[in-house]
Amino acid sequence: MKVIFTGVGEAFDENLPNTSLLVLVDSQIKKRQVLLDCGFTAAHTFWQTSPDPMGLDAVWISHFHGDHFFGLPLLLLRFWEEERTRPLTIIGQSGVADKVLGAMELAYPGFYAKVAFKIDFVEARPGRDLDLFDLHWSFAPNRHSKPCLGLRLDGKKGALYYSGDGRPSEETEALAMGSDLAVHEAFGLEPIIDGHGTVDGCIDFARKTRTKHLALVHMNRQIRKMHAETVRRQLDALENIHAFLAEPGETVIIGCLL
């Protein structure tokens, strides 16, 4: 399982694209591609990053904040313009179809009716696991201002946990237990907005879940500008865990991380 950080920024970061991950899976049948979150800037970075943009199989939406799903209208319109015909699956919480179709109609009125490819909407909820695109999907709620689901993807060679936004919960700690890579929102050095994670909280999460590798994303733009090197030194000094502040375009292969 290859994970590409197409973006690592928070909603208002003018220098870093919105947090979004591209997951690539090689199976015996075909190559699979899944995009995790698709905010304002994510459609552009996806097209820059993907080895085969038209081969995207699915999009996961962790929650319905704009920096996590407002890029979908642009993505769908680009696929229409590129004459996509293969189906696309969009996975998210209850109401995902209404949210996406509503955003599409606001952004590009009338264009959804012109889309020539099938879009399958799949609703996710805790306790209802899915097997899609050679991956096992499982979900748990974290602590955010808007209902948000943490996601675990299990492949044949390892497991990825992705938090979306929010602080860890007992449920997400159980979900992420023993994962190979946890990608977690770390908005601040200490709590500055309710429902957002912290660097120390993410480190504690990784230790509790016995996660092998930890990547921090979605850091407040001012904190990242002023304190990125301090955070990197803190992460480098950790014992028994490999942790890093992710950069756009960075790629990790689960099972091959140092």
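Which residues does Phe69 touch, not counting residues up to four places away in sequence? Select Phe69 and look around. The neighbours are Cys38, Gly39, Ile61, His63, Phe64, Lys99, Val100 and Ala103. Touching, or contact, means heavy atoms within 4.5 Å.

Before going on, note that this is a predicted model: local features need pLDDT of at least 70, side-chain atom pairs count only at pLDDT 80 or more, and totals for chains, interfaces and linings use all residues. Residues are numbered from 1 along each chain as its sequence is written, and side-chain values use heavy atoms, with hydrogens and water left out.

**Stop 1: Phe69**

Phe69 sits in helix H2, residues 66–69. Helices (H or I, at least four residues) and strands (E, at least two) are DSSP runs, numbered from the N terminus. Phe69 is buried, with a relative accessible area of 5%. Buried means under 20% relative accessible area, exposed over 50%, partly exposed in between (1.4 Å probe, protein chains only).

**Stop 2: helix H1**

Select residues 42–49, which form H1. The buried residues here are Ala42, Ala43, Thr45, Phe46 and Trp47. Their cover includes strands E1 (2–7), E2 (20–26) and E3 (31–36), and helix H3 (72–81).

Show H3 beside H1. Their axes come within 8 Å and cross at roughly 50 degrees. That makes H1 oblique to H3. Axes are lines fitted to C-alpha atoms, for helices over the stretch in contact, and angles run from 0 to 180 degrees between N-to-C directions. Under 35 degrees counts as roughly parallel, over 145 as roughly antiparallel, 65 to 115 as roughly perpendicular and the rest as oblique.

Display the side chains. Ala43, His44, Phe46 and Trp47 of H1 meet Leu74, Leu75, Arg78 and Phe79 of H3.

**Stop 3: the cores**

Select Phe5, Leu36, Trp60, Trp137, Leu160, Leu181 and Val183. These have the most contacts inside the largest nonpolar core, which has 33 residues. Such a core is a set of buried Ala, Val, Leu, Ile, Met, Phe, Trp, Tyr and Cys residues joined through side-chain atoms within 4.5 Å. Another core, of 28 residues, lies apart from it; Leu24, Ala43, Phe64 and Ile119 are among its members.

**Stop 4: Ser169**

Go to the loop between strand E10 (158–162) and helix H5 (170–176), where Ser169 is placed. Is Ser169 buried or exposed? Ser169 is buried, at 3% relative accessible area. Its side chain reaches the backbone oxygen of Pro141 at 2.6 Å.

Technical notes. A polar contact is a pair of N or O atoms within 3.5 Å; within protein, one must be able to donate a hydrogen and the other to accept it, and residues adjacent in sequence count only if both atoms are side-chain atoms.
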